[in-house]
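Hi there,

Here is the structure I promised to pass on. Have a look at it first, and then read on for my notes.

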Amino acid sequence: MTEKTSNEKPRSAEEEAAFQNNALAQQYGGGHAGGWVGRLPSSWVPYVQLARLSPPAAFFLIYFPHFFGIILAAIIQRSPVSQVLHAAVVMFGGSFFFSNAAHGWNDLVDAPIDKSIARTSKRPIPRGAITPRAAFVFTATQAIGAASFLLLMPSGSAIYAVPNIIGTCYYPWAKRHTNFAQLVLGFCLAWGIIMGSCAMGLKPFAIRVFGKEDGLKQLYWVEPSTACLFLASILWTVIYDSIYAHQDMKDDIKVGLKSIAVLFKDRTKPFLWLLLGCMIALLYTCGSLLNMGITFHVIAAGGSLLSLGSMIANVELKDSASCWWWFRYGFWLAGGAIAGGLLSEYVLLGPSF
């Protein structure tokens, strides 16, 4: 082999940083225009970028918990495959529109700050490809589209969406108010488990203001395995989004934004290890409450421990590219592990069609 020679000068630190930020902006930064996106009419591209439809990680951030809720409810109720497929399709459509609306709203509120952060400065609104008014109209139409799927769910399900709507509307401001904005995001995303359960006709909790005289049980009830999976999903989100937040930590400090990355800085990893331990314990408890087999525990809990543990151990928090890489692939592997564990348990039940 011959050694490659080049007259190209090595990049300076500033040039390398700019190159990295541009590369990241082409990913989840809201500036991706390659692949199938490049085949669309040019006027459509900014809206695809606004909704983070490419790559599709943004959509699956929202759909995964809905799917978890569907399969867990199917295990609890011994539901037939046809009901699972119907719920999965309804939640897929609802998640698509909700993801578009949530990302549009986030960028609309964050636009003034996004201009000051290198990775997000080329998003559609800051760069002028979409006006704030057009972004608001897009967001509103997508929200209406998401709401329409509530009509396809069992009666009484719509009221369960209210906490998530409130949380999603508040989330862009959470980054200004608290260092634990990732916890707010985790709540919003994990709420998909509640909606997935509702789509299967299983109400995961109930509050009765006018209860009977026989005590608190009549006032409040929660399905315990669903609660454990819900809390585990919140911690999953906090783990991967804290690593994601390290991409912009220096810029966030300059503009006054808060996050777990800003709070802990170089001490983030010990905190994430603690969260991972709690997450695995919650997944184990979820399975144990329903007497799930070893397959669930190995795939869901073991797979999450392996994938997220590798992420925490190997990510270079001071390297934006490393944070993006581990967020991108660690997220998929952990989400796939939980989904796979639940699916394996459901299949072993031998459901009818």
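Which residues in helix 3 meet which residues in helix 8? On the helix 3 side they are L61, F64, P65, F68, L72 and I76, and their partners in helix 8 are S225, T226, L229, S233, W236 and Y240. By type, the residues of this contact divide into nine nonpolar, three polar and no charged. Please keep in mind that this is a predicted model.

Now for the geometry of that pair. Helix 3 covers residues 57-77 and helix 8 covers residues 224-245. Their axes lie 11 Å apart, and the packing angle is about 160 degrees. Since angles over 145 degrees count as roughly antiparallel, helix 3 is roughly antiparallel to helix 8. The crossing of the two helices is right-handed.

Next, the nonpolar cores. The largest one has 83 residues, and helix 3 gives the most to this core, with 14 residues. The residues with the most contacts inside this core are F68, L229, W236, I239, M279 and L342. There is also a second, separate core of eight residues, with L50, L108, A111 and I125 among them.

What does F68 touch once its neighbours within four places in sequence are left aside? The partners are I193, L229, W236, G335, I338, A339 and L342.

Two further residues may interest you:

- Is S233 buried or exposed? With a relative accessibility of 2%, S233 is buried, because the cut-off for buried is under 20%. Not counting residues up to four places away in sequence, S233 touches P65, A190 and I193. I193 is also one of the contacts of F68.

- C188 belongs to helix 7, residues 181-199. C188 has a relative accessible area of 7%, so this residue is buried too. Its contacts, again without residues up to four places away in sequence, are N164, G167 and T168. P163 is 25 residues from C188 along the chain, and the C-alpha atoms of these two residues are separated by 8.2 Å.

That is what I have for now.

Best wishes

How values were computed
Residues are numbered from 1 along each chain as its sequence is written. This is a predicted model: local features need pLDDT of at least 70, side-chain atom pairs count only at pLDDT 80 or more; totals for chains, interfaces and linings use all residues. Side-chain values use heavy atoms; hydrogens and water are left out. Axes are lines fitted to C-alpha atoms, for helices over the stretch in contact, and angles run from 0 to 180 degrees between N-to-C directions. Helices (H or I, at least four residues) and strands (E, at least two) are DSSP runs, numbered from the N terminus. Angles under 35 degrees count as roughly parallel, over 145 as roughly antiparallel, 65 to 115 as roughly perpendicular and the rest as oblique. A crossing is left-handed if the near helix is turned anticlockwise from the far one by less than a right angle, and right-handed if clockwise. Contact means heavy atoms within 4.5 Å. Ala, Val, Leu, Ile, Met, Phe, Trp, Tyr, Cys and Pro count as nonpolar, Asp, Glu, Lys and Arg as charged, and the others, Gly among them, as polar. A nonpolar core is a set of buried Ala, Val, Leu, Ile, Met, Phe, Trp, Tyr and Cys residues joined through side-chain atoms within 4.5 Å. Buried means under 20% relative accessible area, exposed over 50%, partly exposed in between (1.4 Å probe, protein chains only).
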